[in-house]
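Work through the exercises below with the structure in view. Try each task before you read its solution.

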Amino acid sequence: MPFVLIRLIRGLGRSRVWVLPAVIILVVFLTSWPLMVWAEPSSNPITSVANYWWWFLVTAATVGYGDFFPTSVGGRVVGAYVIVGGIVTLTTLFTRIASAIENVKGHRMKGQLDLDMSDHLVIVGYTPGRTERLIREISADDAQSIALCAWEDIAENPMPQQPELGFVRGDLAQESVLRRAGVHRAARLLIDARDDNEALAIAVAVTHVNPEAHTVVTLRDMSRARNFSYIAADVRCVQWHSPRLATEELQDPGIAVVYADLMSHGGRNTYSTRFPDALRQMDFGQVQEALGRHFTTTVLAVQHEGAVINPGWDAQLPADAVLYYVGERRLTSEEIAGVVAREPYRQRAASVD
């Protein structure tokens with residue numbers, strides 16, 4: 001809270017909202033004191049400069065402690081003048097402050113202010129509906145602050161219901177706009193452009209401003225990922241049509257490479273096979289260990305009666321279960337049965353029984 005107040009005071013000082021109220025109250029003070037000296041007898045301590053400034057302050061603020069007061073009719077008229085001047089001053093001041101705060105809010109909604117954020121995520125580019133979904137998914141899994149950097153045609157913050165979301169608009173390929181979004185202080189960057197050519201241009205600007213941030217780019221044509229490697233070797237490209245993959249890569253850097261290997265020919269792939277009837281009631285851990293030891297294979301999931309289950313290490317697998325695994329090639333039921341049935345796995349199964 002003190003930090004917010006300091007920023008507000010600094011902003012009001014720069015906007016000079018106090019100039020007109022200060023002029024009004026100064027004019028009232030300089031004109032009222034000679035009038036008070038002329039109207040009041042010299043025996044009244046209110047005519048002393050040492051006392052008048054205090055009386056003027058409490059009277060203009062409409063507090064009125066009563067320690068000093070005018071006694072003549074003329075002095076009371078001067079007092080009324082001071083009261084009116086104080087009310088006008090305060091009204092002008094509060095009106096200008098409210099207007100300044102509203103202007104700041106308007107500039108913030110229109111993305112015209114510099115964001116005071118660091119170690120945050122900057123999403124460069126905006127697509128209605130899609131960007132909101134990305135931000136919701138990221139916010140659900142991560143408490144890191146987010147800034148949205150959009151093109152000029154987005155007139156206002158498209159997500160005003162999230163006041164913690166920073167918003168900047170402008171030419172996304174310009175360094176000044178990116179710096180207003182705090183790209184140079186960001187920890188992660190997501191370039192979600194309108195097309196791949198635009199994404200390439202933005203990536204050049206972004207990596208120039210912050211070459212150290214973890215940068216993820218969404219592409220329609222993944223064959224163009226090679227172009228981005230010329231900009232920086234560690235720029236990660238993901239399929240534009242898989243927004244969930246983009247959020248996973250942001251939160252777990254490098255996972256896009258794993259997915260790419262799994263989905264590419266010649267790399268590891270995902271397979272499924274029905275659990276051999278010869279190995280009924282075997283522990284999941286025994287199956288996992290046997291396949292990993294002999295085939296460098298990892299069981300990802302088990303499906304039973306149409307539902308995907310995540311069995312514990314000691315859980316017994318149903319006879320009609322389907323195994324989903326990652327490996328270098330597809331395994332036959334005979335191969336799985338052969339390695340799982342070997343010692344010492346069978347001995348463990350017998351001891352369990």
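**Exercise 1.** Find which helix supplies the largest share of the lining of the second largest pocket.

Solution. List the lining: Ile25, Phe29, Trp53, Phe56, Leu57, Ala60, Ala61, Gly86, Thr89 and Leu90. A pocket is an open set of points on a 1 Å grid over the protein atoms alone, where a 1.4 Å probe fits, with protein on both sides within 12 Å along at least five of seven lines; lining residues have an atom within 4 Å of a point. Next, assign helices, which are DSSP runs (H or I, at least four residues) numbered from the N terminus. α2 (19-39), α3 (49-60) and α4 (73-109) each give at least two lining residues. The largest share, four residues, comes from α3.

The model is predicted: local features need pLDDT of at least 70, side-chain atom pairs count only at pLDDT 80 or more, and totals for chains, interfaces and linings use all residues. Residues are numbered from 1 along each chain as its sequence is written, and side-chain values use heavy atoms, with hydrogens and water left out.

**Exercise 2.** Sort the lining of the second largest pocket by class.

Solution. Ala, Val, Leu, Ile, Met, Phe, Trp, Tyr, Cys and Pro count as nonpolar; Asp, Glu, Lys and Arg as charged; the others, Gly among them, as polar. The lining then has eight nonpolar, two polar and no charged residues.

**Exercise 3.** Describe how α11 packs on α12.

Solution. Locate α11 at residues 284-295 and α12 at residues 333-341. Their axes (lines fitted to C-alpha atoms over the stretch in contact) give angles from 0 to 180 degrees between N-to-C directions. Here the angle is about 105°, and the axes lie 9 Å apart. That makes α11 roughly perpendicular to α12 (65 to 115 degrees). Now take the contacts, meaning heavy atoms within 4.5 Å. Val287, Ala290, Leu291, His294 and Phe295 in α11 meet Glu335, Ile336, Val339 and Val340 in α12. By class, this contact has seven nonpolar, one polar and one charged residues.

**Exercise 4.** Find the salt-bridge partner of Arg244.

Solution. Look for a side-chain nitrogen of Lys or Arg within 4 Å of a carboxyl oxygen of Asp or Glu. The partner is Glu137, with the closest N and O atoms 3.8 Å apart. Arg244 sits in α9 (residues 243-251) and Glu137 in α5 (residues 130-141), 107 residues apart.

Definitions and conventions: Parallel < 35°, antiparallel > 145°, perpendicular 65-115°, else oblique.
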